[in-house]
Amino acid sequence: MHSDTSNEEKEINNSGDAVSITTEGVRPIFSSGMNSLGDLGVSSDGIFRYRLIHLGSSGITKECLCEDNRSPDQIRAEVISRYPSLVRHQDYEPGTVLGRTVKYLNVCLLTGQVPRKPKGPALISRVRVAHGVGVHPATISKCLPGTDIFEDYEAVLERVVRALPILNGGGPRSLESLSGAAHTVAKDYPALLKHQFYDPKSTYRAIVDMLNDQIVSGNLQKIRGGKLSRRFIAERLGVTKTAMTHYLEIFHDYETTLGNLESEAEAKIPAFRAWLLDRMHRGVLELWDGKINRRVEGELFGIEQLSSDASRYPRVGKLLDEIDKKIAASGYKGPGVDAKLATLRALLANNPALNNDKLTINRQALSAASGITNSVLRRPPYLPEIHAAEAAIRQVYEKDPLVILVDGRVLEFHTLLNAGWQKTYVVALAKRFSQVFGKKGKDTASHHLSAMIELLTYLSSSNSPYCLSLFRGISAGASVKSLESDFDRAGIEYSSEMSLRYNDPAYRRKRISLANIVVRHMSAEGLLPRLSIRLKCADGPRSSHIPTLAEAVEKGAAVLGKPLVDDYLAFATMMLKQASELRQIQLDRGDQSAFSSLLRAEIDNEPYTAADNPATLILRVLNRRFELIKTAAVRV
């Protein structure tokens, strides 16, 4: 033998027998105890080569191929799939040293039996590979330089070593040496035999034991896509989920071997379908919006995240859609629904409480009366019943000629009937009002309707002779043209009434302004006489000036006694100006001055107090003057 043979080589040289290669296979031709090599007609170097052939053949056959019955093409394909960096080494000629070396390394890598150097678990022993291939180590050294075969396989091995402690001999590794769950798993899944021999104190062994227990118990913990749950194992080991990345090779081998990569939820589909149909037939299946109640039914069956699983796994979602269609087709409503529906229908038929819009039913009051929660009332089959009742309410309003709907708000004119106005007249008012204000928004329409009802109610209820004449004339169908004089005077009285009714000047002006707008539109349709003088407040806006002590005393005295005559004259002058502008009469300053002088003299002689309305007082003075003029004219 060569003197430079390594210790590793010597160890192998001292084991095994010399072999003879025949067409029948490899068989030993001498024992290691033979004393004469010359009798064989071969040199010591030749004998050594025969020993390598024997060891390599038996190593491949016994250590590798006995644990992987796949064809070379299948092994090659899996190596390419699992380790893309080794693709470039898979096309060597099969009979060459390179091809045989790659084939040997492929089998060793997949079966977890890579021959490694004692000094480094990620370094491949060239000598043992040479023995396995059946060539001299020197041949490996001559043929492989420049191919980077060992470097590339060691790079893969370095990564694999971090995830999987590939065994390097020592101890029995047969199925018969196993027991318990490990024996059952290895027997049913021979490809997992290689994972059953880890150190009992290692994390590798703990992971394998837990996976074996899951397989034997039939309770595999899976995640999305049917993969084995890393988190489940990590939590029981007391480590983070990311720590499982060092053991991915174990999980990959178990998942590949077990096959049927489906999630836990998908695996339960057959049983879940039968369970749902049974509950539906017994009338206890809970629904939500006419469909399966995902939360309740999922928790009852044991799929806590049923809604998310349905969107994550199409097969689960398809099952739920299938049951939902059966529910819709059969008319199934859920447990106790019929009794609740009967109660609800009775309440809806008996004038249920409405919201402020008078179109929608008050859900809170309905819930309290029926004992059905608001959240349930918002779902079928209860919600369609409520919608039907609200539609009926709307239909009643739409058919009522004394009601108009503006942007979902009900505006009623029935108050005018109660105030004494005839129905035909009120219907005409409602029609005209809808034409003018129906498209201006519910708030605008509501405010103008309120002002119109307030004005017409005053006209029908006042004891004033002008209001009585106006009300009777309209009710009798008289021409509104003939009622204009009465309406002018009634308007002055109404303005005075507003001054007494509302203390806030801004709000009082707003009400008067709304009434003027309504009168203008209604008079244009012939429903009210035209006003010669627009309605106007008797007082102006309040000053923000804080009075002095003298001003406060003077104002207090005026309130307790007679108000200043100038206040009344200012009001009368304002009304005179409006009337002259409306009738297009030009008044010169002399006429206005004479009118003011005579009126001042009359007011000074007229008994009045602060409680007297300015418009009423001035009308009383003017009427007395008219009577005197008529008397004087008769005498002439």
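In the predicted model, the face of helix 24 turned away from its buried side carries the exposed residues Pro 465 and Arg 472; exposed denotes over 50% relative accessible area, buried under 20%, and partly exposed the range in between (1.4 Å probe, protein chains only). Helices (H or I, at least four residues) and strands (E, at least two) are DSSP runs numbered from the N terminus. The buried residues of helix 24 are Tyr 466, Cys 467, Leu 470, Phe 471, Gly 473 and Ile 474. These cover an arc of only 165° around the axis, which puts them on the same side of helix 24; the arc is taken over the directions from the helix axis to the C-beta atoms. Gly 477, with a positive phi near 85°, follows helix 24.

Helix 24 (465–475) is among the elements that each supply at least two residues of the largest nonpolar core, which has 43 residues. Such a core is a set of buried Ala, Val, Leu, Ile, Met, Phe, Trp, Tyr and Cys residues joined through side-chain atoms within 4.5 Å. Those with the most contacts inside this core are Phe 413, Leu 416, Trp 421, Phe 433, Met 452 and Leu 459. Helix 23 gives the most to this core, with eight residues. Leu 416 is in contact (heavy atoms within 4.5 Å) with residues including Trp 421, Met 452 and Leu 456, residues up to four places away in sequence not being counted.

Residues are numbered from 1 along each chain as its sequence is written, and side-chain values use heavy atoms, with hydrogens and water left out. As the model is predicted, local features need pLDDT of at least 70 and side-chain atom pairs count only at pLDDT 80 or more, whereas totals for chains, interfaces and linings use all residues.
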